[in-house]
Structures are given as C-alpha cells and as structure tokens.
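Please open the model in your viewer and keep the selection tool at hand. The tour below moves from one selection to the next and says what is found at each stop.

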Amino acid sequence: MKKLVIMFPGVGYTMDCPLLYYASFLYEAKGYEQIHMKYNHILFEPDLTKEEKTLKARNYIWEKSKGIDFSAYDEAAFLSKSFGTAEAGILAERLGIEPVQIYLTPMPRALPYIKETDKVVIGTADEVYPECKTYFDEHGIIPLYIEGANHSLELKEKPFESLQILQDVMKYIDRQ
C-alpha cells in the first residue's frame, strides 16, 4: 500500500519543532512517503507585506505539489500546523482531493476548510481558541481540546506535562 503525507509547518514552527518532528517520525514508522513544505524563509522576507508573503508561500506550495500524482497513492494525508492549516485546506480544495486532514492549532482563516471528519487539535489557552471553538460548535466539529495549552500545545513552565501532551497528540494523530 502506497501512502503519502505532506507536512505544512507554521511560521517559525518548523519541522524540527516537537509536534512536527514527532509527527514526521510517526509517519515514517508507518511507511509513508513524506513531502515537507519548506516556505518559512518566505514568511520572514522583510520587504514583503503579510499578504505578499502568504501569496508567495501559497505559490511555492502550488508549484511543489503540481508534480505529485495523487492517484498513485492509496492514502494521502495533510498534516498542518498554524499558518499551514489554511494552506493545506486551500491546496486540497484547489486539487479537488480529500486527503486525511490533520489540523494542529488552526488559524481562523483555515476554519472554512475544516470538515467534521478531519482531526483538529487546539489548546484552550491559544489566542484563537474562542473564535475556533465557536466555529467548531456551530459546525459539529469535535476537536481534541488540550486544557490550558498554548499555540505550541504546551503548558507554560510545565515541561513534563507538555511532553505528555505531545504523546497524547501523537496517539490522536495515529488513530486513523
């Protein structure tokens, strides 16, 4: 069985950060081919506006995904964090495909792309939590809520509890 996962990092939350590093490790152990979208350098270009950075990153994602033959895979998954959540939803819609979507700490602009069948994880101390929770409640989406966790899905000044959260999130991702 041929499987693919595409990873969409956040702004400054790159593939070497805990959630994405261990998710990549998990998918590798499960035999998935991986594509890591590496647009972080674009998001820190000082001469571009926020909108220009987003469009440039989106164009990078589009160009990188053009050569992927999704029909060659039995399963495709998109795992995204923060900034990458909207981009994962936009790409799936643009390609007309329905990968397994895993949204870690989605941004409000990702909300229209999230479906009831998608996996979503958000901390209750994330600044976008109230807006996201309202949307989830109105649309029947049942995320994994991490009580007290921030946008990195960590508990401030509680490293061991944060490691447990990381383990819980990986188990949640693994249940497909």
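Begin by selecting Glu87, which is buried, with a relative accessible area of 2%; buried means under 20% relative accessible area, exposed over 50%, and partly exposed in between, with a 1.4 Å probe and protein chains only. Before going further, note that this is a predicted model, in which local features need pLDDT of at least 70 and side-chain atom pairs count only at pLDDT 80 or more, while totals for chains, interfaces and linings use all residues. Residues are numbered from 1 along each chain as its sequence is written, and side-chain values use heavy atoms, with hydrogens and water left out.

**Salt bridges**

Arg109 counts as partly exposed, at 35% relative accessibility. Select Arg58 as well, and you have a network of salt bridges that links Arg58, Glu87 and Arg109.

By this rule the count comes to 6 salt bridges. For another of them, select Lys30 and Asp174, whose side chains meet at 3.0 Å, N to O. Lys30 lies in the loop between H1 and strand E2 (33-36) and Asp174 in helix H6 (residues 159-174), so this pair ties together parts that are 144 residues apart in sequence. Lys30 is partly exposed at 26% relative accessibility, and Asp174 is partly exposed at 35%.

**The cavity**

On a 1 Å grid over the protein atoms alone, a cavity is a set of points where a 1.4 Å probe fits but cannot get out, whereas a pocket is an open set with protein on both sides within 12 Å along at least five of seven lines, and lining residues have an atom within 4 Å of a point. The structure holds 1 cavity of 30 Å³ or more, and about 40 Å³ of space lies in the largest cavity; a volume is the space filled by probe spheres set on the grid points, which are joined across faces, edges and corners. H4 supplies the largest share of this lining, 4 residues.

**The pockets**

Where next? Select Val11, Lys50, Ser82, Phe83 and Met107, which lie nearest the centre of the largest pocket, among its 16 lining residues. About 360 Å³ of space lies in this pocket, and the largest share of its lining, 4 residues, comes from H3.

Then select Pro99, Val100, Gln101, Thr117 and Asp118, which lie nearest the centre of the second largest pocket, lined by 11 residues. The volume of the second largest pocket is about 170 Å³.

Terms used. Helices (H or I, at least four residues) and strands (E, at least two) are DSSP runs, numbered from the N terminus. A salt bridge is a side-chain nitrogen of Lys or Arg within 4 Å of a carboxyl oxygen of Asp or Glu.
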